[in-house]
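Student: Could you go through the salt bridges in this one with me? I'd like to take them pair by pair.
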Amino acid sequence: MAATGFHTADELNALLPGTLPGLLGLTVTAHEPGRLAAALDVRPELLAPNGYLHAATVIGLADTACGLATRALLPEGAAGFTTIELKSNFLGTAREGRLTTVATNAHAGRTTQVWDAVVTAADSGRTVALFRCTQSVLWPR
C-alpha cells in the first residue's frame with residue numbers, strides 16, 4: 001500500500017470493494033489524522049461454526065481500521081506500511097447486530113506506528129475486543 005496521505009471516509013470506502021474488508025462488509029464512518037471509526041453488520045457468514053462471531057471477523061475490522069488510518073500519518077517519502085504485530089483481547093461476542101470500532105494512534109514514528117482499537121457491539125455498547133497493532137513503515141530502496 002503506497003503512502004497516500006489523508007483520505008476522507010468516502011475515499012477510503014471506495015478502496016474496499018474486492019478486498020477482504022469489502023467482503024466483511026466493513027464501512028469507514030469517520031476519519032481524521034490519528035483516528036478512524038468503522039463498522040460492520042454481523043451476518044451468518046461472519047460467524048464461527050459454533051454460531052458466535054468468528055475472531056477473524058473482529059481482527060479484520062480492527063486491523064483494517066488501524067491500517068487505513070496509518071496511511072494519513074506516514075512520513076513524507078514512505079512507500080507504504082505493513083502490520084508486523086497484532087494482539088487482541090476478546091471480552092465478549094455477538095451473534096447479530098452491528099460492530100463498531102475506533103482506532104487511535106499511540107505512536108507515529110519514522111519506522112513504526114502503534115495503534116489501538118476498541119471493538120464494540122453497537123446495540124449494547126459492550127466492548128467485544130481490545131486490539132493493538134504495530135505497523136512497520138516501508139521505505140523505497
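Student: OK, how many salt bridges does the structure hold?
Tutor: This is a predicted model, and the structure holds 3 salt bridges. One of them joins Arg-98 to Asp-41, with the closest N and O atoms 2.8 Å apart.
Student: And where do Arg-98 and Asp-41 sit in the chain?
Tutor: The pair links distant parts of the chain, as Arg-98 belongs to strand S4 (residues 98–108) and Asp-41 to strand S2 (residues 35–41), the two being 57 residues apart.
Student: Is Arg-98 buried, exposed or partly exposed, and what about Asp-41?
Tutor: Arg-98 has a relative accessible area of 31% and is therefore partly exposed, and Asp-41, with 42%, is partly exposed as well.
Student: Switching to Arg-132, which residue does Arg-132 form a salt bridge with?
Tutor: Arg-132 forms a salt bridge with Asp-116, and the closest N and O atoms of that pair are 2.6 Å apart. Here too distant parts of the chain are linked, with Arg-132 in strand S6 (residues 127–138) and Asp-116 in strand S5 (residues 112–121), 16 residues apart.
Student: Why does Arg-132 count as partly exposed?
Tutor: Because its relative accessibility is 42%, a value that lies between the 20% limit for buried and the 50% limit for exposed. Asp-116 is also partly exposed, with a relative accessible area of 25%.
Student: What about Glu-45, which partner does Glu-45 have?
Tutor: Glu-45 pairs with Arg-43, the closest N and O atoms being 3.3 Å apart. Glu-45 is exposed at a relative accessible area of 60%, whereas Arg-43 is partly exposed at 30%.

Definitions and conventions. Residues are numbered from 1 along each chain as its sequence is written. This is a predicted model: local features need pLDDT of at least 70, side-chain atom pairs count only at pLDDT 80 or more; totals for chains, interfaces and linings use all residues. Side-chain values use heavy atoms; hydrogens and water are left out. A salt bridge is a side-chain nitrogen of Lys or Arg within 4 Å of a carboxyl oxygen of Asp or Glu. Helices (H or I, at least four residues) and strands (E, at least two) are DSSP runs, numbered from the N terminus. Buried means under 20% relative accessible area, exposed over 50%, partly exposed in between (1.4 Å probe, protein chains only).
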